[in-house]
Amino acid sequence: PIYTSVAWVNEDTIAVADLRNQKLKRISWKGNVESVDVARCMVVSSFKNGLACKTEGNTLHIFNAALQLKKTISKVSTLLTCSQKSSEVCWISGLKKICVLKDDELKTINIHDQHSLSNLSTPMFGHVLNNGMFAISDWGKGCVSLIRRSGCITNRKYCDTITLPGSISSDTNLNIFVCGFHKSMVIVFDIGGKTLYDINLHTIAPNPRSIAINQEGHTLVANGKSVTQIN
C-alpha cells in the first residue's frame, strides 16, 4: 500500500487512503479491515456520519458509516480535514469559495482578504479547527492561511523551516500542526501564528504526508509506507 492520508474514526479505528491499491480503508487496532474501491484516492477525512475522500482528479466522494457511497462532487480543489465528531464536510471549490455540507444542506463562504486583493494561490491541504476556522496550506504563497468563518483571511503563517507546508491538523487548544515533507518534521504554532515547537520525524516517520490528531491529543502520521502513532 501507499498511505497518502490518515484520519481518526474513533479511539480504536482509523481510516486511510491507499493510493496504490485505490482503496479507502477503515482499520481497527484489532486488525479488522473494511474497504471500498476509490480510484486514485488521495485524502481522507472522517466526520460524524461517515468518511469523505478526495481523488487525484479533484472528485469528492462521501460515504456513510456503512461505507456506502452517498454523494459525489466534482471540481473540488481541496478537501478540508476535520474532527471525527464534526457534522460537516468542507472543501474548497476553485480559489475563492469554501463549501460546507451539513445534513444535505450546502452553504458557500466567499474567501477574501480585507487588506489585499490577493486571496488563495495554490491550496494543497486544509483543515477545520474546533472553533470553525479554516487553515489552508497554500503552496503558491508558501504559507498557511487562517480564514474566519466569514471567509476573511486573518493571518498568513510563513513556516521558515519548511518551504511547502503540507497536511494540517489541530488539537483542542487550537494549536495547529503542519507537516513538512522534505524536512521530515511537523511545525506547531498557535492561532496567532506564534511558533511553539517542532517535531522531528526523521527516525520514526520520515517524509510525513498526512497528520491527524484526535480529541485526546493522540497523533497519527502517514508517510506512504506506514501509519505511526506519536504522543
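How far is the sulfur of C159 from the closest cysteine sulfur, and in which residue does that sulfur lie? The closest one belongs to C143, and at 8.4 Å it is too far for a bond. The model discussed here is predicted: local features need pLDDT of at least 70, side-chain atom pairs count only at pLDDT 80 or more, and totals for chains, interfaces and linings use all residues. Residues are numbered from 1 along each chain as its sequence is written, and side-chain values use heavy atoms, with hydrogens and water left out.

The cysteines may be taken up at once. A disulfide is defined as a pair of cysteine sulfur atoms within 2.5 Å, and a search of the whole structure finds zero of them. C53, too, is in no disulfide; its nearest cysteine sulfur, that of C41, is 4.9 Å away. C53 counts as buried because its relative accessibility is 0%, and C159 counts as buried at 6%. Here, buried means under 20% relative accessible area, exposed means over 50%, and partly exposed lies in between (1.4 Å probe, protein chains only).

Helices (H or I, at least four residues) and strands (E, at least two) are DSSP runs, numbered from the N terminus. T4 is buried, with a relative accessible area of 5%. Leaving aside neighbours within four places in sequence, T4 is in contact (heavy atoms within 4.5 Å) with A17, L19, C41, M42, R209 and S210. Although T4 and M42 are 38 residues apart in sequence, their C-alpha atoms are 5.8 Å apart in space. A polar atom of the T4 side chain lies 2.7 Å from the backbone oxygen of M42.

Strand β1 (residues 3–10) also holds W8, whose partner W29 lies in the loop between β3 (23–28) and β4 (33–37). A pair of aromatic rings is described by the distance of the centres and the angle of the planes. Rings of Phe, Tyr and Trp (its six-membered ring) pair if their centres lie within 6.5 Å; planes under 30 degrees apart count as stacked, over 60 as edge-to-face and the rest as tilted. The search of the whole structure finds two aromatic pairs. The rings of W8 and W29 have centres 6.1 Å apart and planes at 75°, so this pair is edge-to-face. The pair ties together parts that are 21 residues apart in sequence. W8 is buried at 4%, whereas W29 is partly exposed at 46%.

F125 and W139 form a tilted pair, with 6.2 Å from centre to centre and 50° between the planes. F125 is in strand β13, and W139, 14 residues apart from it, is in the loop between β14 (134–138) and β15 (143–147). F125 is partly exposed at 21%, as W139 is at 33%.

H127 also lies in β13 (residues 123–128). H127 is buried, with a relative accessible area of 4%. Its side chain and that of T81 are joined by a polar contact of 2.9 Å. Such a contact is a pair of N or O atoms within 3.5 Å; within protein, one must be able to donate a hydrogen and the other to accept it, and residues adjacent in sequence count only if both atoms are side-chain atoms. Not counting residues up to four places away in sequence, H127 touches residues including L80, F134, I168 and S170.

Two strands pair if DSSP finds at least two bridges between them; five join β19 (residues 185–189) to β20. The bridge partner of I187 in β20 is D198.
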